[in-house]
Amino acid sequence: MTRGRFITVSDRMQSGYRYRLDAPMGQDFAPDFQPALTPAQMLEMGVFEGRYCNDCRDELPAAWFAGAKIAERADPALNFFGVKSRQPLRVWREKGWIHGPDPRGWFQWYCRYFMGRRLPDIDAIQIKRWRAFSRHAGQVRAHCVPGDIFCRPRQRQALLQWAHDPFI
């Protein structure tokens, strides 16, 4: 993706949304935002039961889908930890967890941010949410024996889906 390039979105949830890439892909992140995984790594490891980005492929880099676990129907077995670890988008909307021009939530924001889109107000909200999510890593550390990666699989899957290291 080229800095200064515009991306126009046309998928099931958004049509005609346009944004500019203001940073090089995967670079110039806010100092307090240091994700452990790239979107491509997350998709390859298995997130969102294989159903997250099916109709977004034209917007995102094709290379992200080379090894991605994608399915027509949600399949918890595709998640890295083999468990269901998400709520319906309706719940996210009801709880006020959808911010700005990203109707699919945090991961959509992260994909666009990783590609180079910068929206300072929205970025600040999402980075704050990402930082707060790290509390789950503390719970895993407190309740699991080091090396037992299948202890608390739902929390580990959630950490993975928020680009935190699930193998802590």
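**Strands, sulfurs and space**

Guide: Strand 1 and strand 2 form a hairpin, with 4 residues between them. Strands are DSSP runs (E, at least two residues), numbered from the N terminus. This is a predicted model: local features need pLDDT of at least 70, side-chain atom pairs count only at pLDDT 80 or more, and totals for chains, interfaces and linings use all residues. Residues are numbered from 1 along each chain as its sequence is written, and side-chain values use heavy atoms, without hydrogens and water.

Visitor: Which residue in strand 2 is the bridge partner of V9?

Guide: Strand 1 (residues 6–10) and strand 2 (residues 15–20) run antiparallel, joined by 5 bridges. Two strands pair if DSSP finds at least two bridges between them. In strand 2, the partner of V9 is Y17.

Visitor: Is the disulfide of C144 and C151 left-handed or right-handed?

Guide: The whole structure holds 1 disulfide (a pair of cysteine sulfur atoms within 2.5 Å). C144 joins C151, S to S 2.1 Å. The torsion about their S-S bond is about -80°, so the disulfide is left-handed.

Visitor: Is C111 buried or exposed?

Guide: Buried means under 20% relative accessible area, exposed over 50%, and partly exposed in between (1.4 Å probe, protein chains only). C111 has a relative accessible area of 2%. Therefore C111 is buried.
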